[in-house]
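Good morning, colleagues. I would like to take you through a few features of today's structure. Please look at the model on the screen as I speak.

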Amino acid sequence: MDSAPNVVVAKDGSGKYDCITEALAEVPLNSCDRFVIHIKAGTYKEKIIVTKEMTNVMFLGDGPTETIITNCVNCCKDNVKTFNTATVGVDGAGFMAKGVGFDNSAGPEGHQAVAFRASCDKVVMFNCHFTGYQDTLYAHRDKQFYRDCLISGTVDFIFGNAASVFQNCQIVVRKPGENQHNMVTAHGKKEEETNTAIVLQNCTISGAPDYLPVKDKNKTYLGRPWKQFATTVIMQCQIDDIITPEGYSPMEGTVGLDTGYFAEFQNRGPGANTEGRVTWKAIKKIDMDEAMKWTPRVFLNSDEWLAQTGVPFDPDMTPGV
């Protein structure tokens, strides 16, 4: 997926621009061709929107701890809706990124503060970091694939109503605010017939060093139903000893407790024991045939588009796990 860049952004003056927003002005609108922006190592404090007309854009960084895009816009201080807090918001289909860090530094006191939002189809993120606290990664809508990424946060830090698969990712729970509990996922499916879900496949779910001392006080759940038909599948994952036995928590009264879909399949580690899970109707026991429906090949139709991106992925169940 490495391509010769169309434009280079660099803080040290070695590129055409020193900020990403200026480089985006060069993107040809509604193009079928890939437009690569090489963002050299550095910390870029910007608030970026890749508009709907900016299709097939790729951000190519020098590594997710070297090329970092950051801001601190949040619901509390800035009095804006969650959607508008994103450090980087993407509305143009076919967006890709490799080797970039996306950060929202608002902290727990900022409450909703998105590092990355994607509201478009065929999004591919490879070897990227998404760091924040509440609402770190907003997989808003359409098909999205995340591979070899790191996502850190506290409350609902992977959320949205996309058809999203996170494969071989590190999911790191951070220390939340004083009286907060952590939710790894919050899926937002409103209509039963919509083919959307959050799927975690062969990921590791662990606690950051600052979280481990408070894990018994500030509990962590695998997810909660943001909307009535919330759908979350966790399969082939390593789950450390940070998940409360109940596994899931209500969000708003009884919303989604009967009508949602929460499944765990072939996970490992001390947090993968399902014996103490809540007994909602939404908690599903699935077999291999059902689990296969949530793989990239079936759920994302990966043969039709993802295979052409050059990003490594397992189209079916991850072998050897």
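Before I turn to the first element, one cut-off is needed: a residue is called buried when its relative accessible area is under 20%. Please also bear in mind that this is a predicted model.

I begin with strand β22, which spans residues 220-225. How many of its six residues are buried? Six of the six are, so the strand is largely enclosed by the rest of the structure. Strand β22 also pairs with strand β19, residues 182-187, in the parallel sense and over five bridges. Within this pairing, Arg224 of β22 has Ala186 opposite.

Next, I come to Leu300. This residue is located in the segment that follows α4, the helix of residues 296-299. Leu300 is buried as well, because its relative accessible area is 0%. Setting aside residues up to four places away in sequence, Leu300 touches Lys143, Gln144, Phe145, Ala163, Val165, Thr295 and Trp305. As for Asn202, its C-alpha is 17 Å from that of Leu300, and the two residues are 98 apart in sequence.

Finally, the largest pocket. Its space amounts to about 220 Å³. Which domains contribute to the lining? Domain 1 (7-153) and domain 2 (163-302) each supply at least three residues. Among the lining residues are Tyr138, His140, Arg141 and Asp142, along with Gly188, Lys190, Trp226 and Lys227. Sorted by class, the lining comprises six polar, four charged and two nonpolar residues.

Thank you for your attention.

Definitions and conventions
Residues are numbered from 1 along each chain as its sequence is written. This is a predicted model: local features need pLDDT of at least 70, side-chain atom pairs count only at pLDDT 80 or more; totals for chains, interfaces and linings use all residues. Side-chain values use heavy atoms; hydrogens and water are left out. Helices (H or I, at least four residues) and strands (E, at least two) are DSSP runs, numbered from the N terminus. Buried means under 20% relative accessible area, exposed over 50%, partly exposed in between (1.4 Å probe, protein chains only). Contact means heavy atoms within 4.5 Å. Two strands pair if DSSP finds at least two bridges between them. On a 1 Å grid over the protein atoms alone, a cavity is a set of points where a 1.4 Å probe fits but cannot get out, and a pocket is an open set with protein on both sides within 12 Å along at least five of seven lines; lining residues have an atom within 4 Å of a point. Grid points are joined across faces, edges and corners, and a volume is the space filled by probe spheres set on the points. Ala, Val, Leu, Ile, Met, Phe, Trp, Tyr, Cys and Pro count as nonpolar, Asp, Glu, Lys and Arg as charged, and the others, Gly among them, as polar. Domain bounds come from an automatic or database domain assignment.
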